[in-house]
Amino acid sequence: MAAIGFDAPGGPDVLRIETAPLPRLRPNDVLIRVAYAGVNRPDCLQRAGAYPPPPGASPLLGLEVAGEVVAVGSEAPREMIGQYVAALTPGGGYAEYCAAHWQHCLPVPEGMLLAEAAALPETLFTVWHNLFERGLARDGERVLVHGGTSGIGTMAIMLAKAFGMEVIVTCGDEAKCAAARRIGADLAINYRETDFVEAIAAHTGGKGVNIVLDMVSGDYVARNLKCLTEDGRHVTIALLGGAKADLNMATVMMRRLTLTGSTLRPRSDAFKAALADEIADNAWPLFASGELSPVMDMTFPLAEAAAAHARMEAGAHIGKIVLEVAKGTDNG
């Protein structure tokens, strides 16, 4: 099969098309003929040598795909053959065929574009777990999301608004702020021109937010804590600003703050299966019905994965970047 590989870590230009063996199926796996694959920040980190795949995962890039199930392992339901699915994978998505645990697949309803289906799993699983399960988000609360026009950010805006929350985001320029407001953000702050701590204090009358969904970390953490109301929750999902933070833990104690975070890729198959079940019950119907749809940026052919990575790393994108793997493929 055709796949994207690289000989040594480096910039986007190390990516190239190559021939790779078909994935070997474990008993609970399905084999998906990939139509589209989502591009995510961890793919860029893995390509740069900073995020190795977990033990047993495919060395190929790609954490989410959409396509047709063409074969199943000995313990996977045979009736899935011929079904179109969106799948969360631990790797291997940048290829013509990809293996995924059958319980990590969500059915693509008729009428949903496969490009959009491929743009959903990684961000949907990440936001659902961190905002709702770890962050304990509830109707009527306020949430601050950094990187408001990223794939994670746009998903967080949509889901939080769908479940009755007020959403504040930060973005790097006014065009992105305007895009975030169109998606549903109640307040979008240009962090290059405005101190987001001061802006949130002014907007909320000093009350602050209940939850921060943070992908920056580093020196943002102390500033984020200033934005939290009492009993607020700070959820870290990425470390774009560095892994270390300097905190006044007396503030955490006095205001009863919770600091948590997670990374999805190394979690167990059983955990991801349970998460998929909860998403299937609570969030997937919003996308299946068309009430919500992912914010799409650009689609690149598989062979142009390097250009897709360059666009992501330039920070120019608004929403999701996807790779078209099988030309002219879509769901019935």
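Some ground rules. Residues are numbered from 1 along each chain as its sequence is written, and side-chain values use heavy atoms, with hydrogens and water left out. Because the model is predicted, local features need pLDDT of at least 70 and side-chain atom pairs count only at pLDDT 80 or more, while totals for chains, interfaces and linings use all residues.

Rings, then. How many aromatic pairs does a search of the whole structure find? Five. A pair here means rings of Phe, Tyr or Trp (its six-membered ring) with centres within 6.5 Å; planes under 30 degrees apart are stacked, over 60 edge-to-face, the rest tilted. Take Trp128 and Phe163. Their ring centres are 5.6 Å apart and their planes sit at 70°, so this pair is edge-to-face. Trp128 is in helix α3 (residues 121-134), and Phe163 is in the loop between α4 (151-162) and β9 (166-171), so the pair ties together parts 35 residues apart in sequence. Helices (H or I, at least four residues) and strands (E, at least two) are DSSP runs, numbered from the N terminus.

Buried or exposed? Trp128 is buried, at 4% relative accessible area. Phe163 is partly exposed, at 28%. The cut-offs: buried is under 20%, exposed over 50%, partly exposed in between, with a 1.4 Å probe and protein chains only.

Phe163 has another partner. The rings of Phe132 and Phe163 have centres 5.2 Å apart and planes at 65°, so that pair is edge-to-face too. Phe132 is in α3, and 31 residues separate it from Phe163. Phe132 is buried, at 13%. Trp128, Phe132 and Phe163 form one aromatic cluster.

Next, helix packing. Two packed helices are described by the angle between their axes and the distance between the axes. Axes are lines fitted to C-alpha atoms, for helices over the stretch in contact, and angles run from 0 to 180 degrees between N-to-C directions.

α3 packs on helix α9 (residues 269-282) at about 85°, axes 10 Å apart. That makes α3 roughly perpendicular to α9. For the terms: under 35 degrees is roughly parallel, over 145 roughly antiparallel, 65 to 115 roughly perpendicular, the rest oblique. On the α3 side, the contact includes Trp128 and His129; on the α9 side, Phe271 and Leu275 are among them. Contact means heavy atoms within 4.5 Å. The contact residues divide into seven nonpolar, two polar and three charged. Nonpolar is Ala, Val, Leu, Ile, Met, Phe, Trp, Tyr, Cys and Pro; charged is Asp, Glu, Lys and Arg; the others, Gly among them, are polar.

The test is NZ of Lys or CZ of Arg within 6 Å of the ring centre and within 35 degrees of the ring normal.

Now α6 (residues 196-203) and α7 (residues 220-227). Angle about 10°, axes 9 Å apart. They are therefore roughly parallel to each other. Phe196, Val197 and Ile200 in α6 meet α7 residues including Tyr220 and Arg223. The charged end of Arg223 sits over the Tyr220 ring, 5.3 Å from its centre.

Last stop, Val209 in strand β11 (residues 209-214). Val209 is buried, at 0%. Setting aside residues up to four places away in sequence, Val209 touches Ile200 and Cys227, among others.
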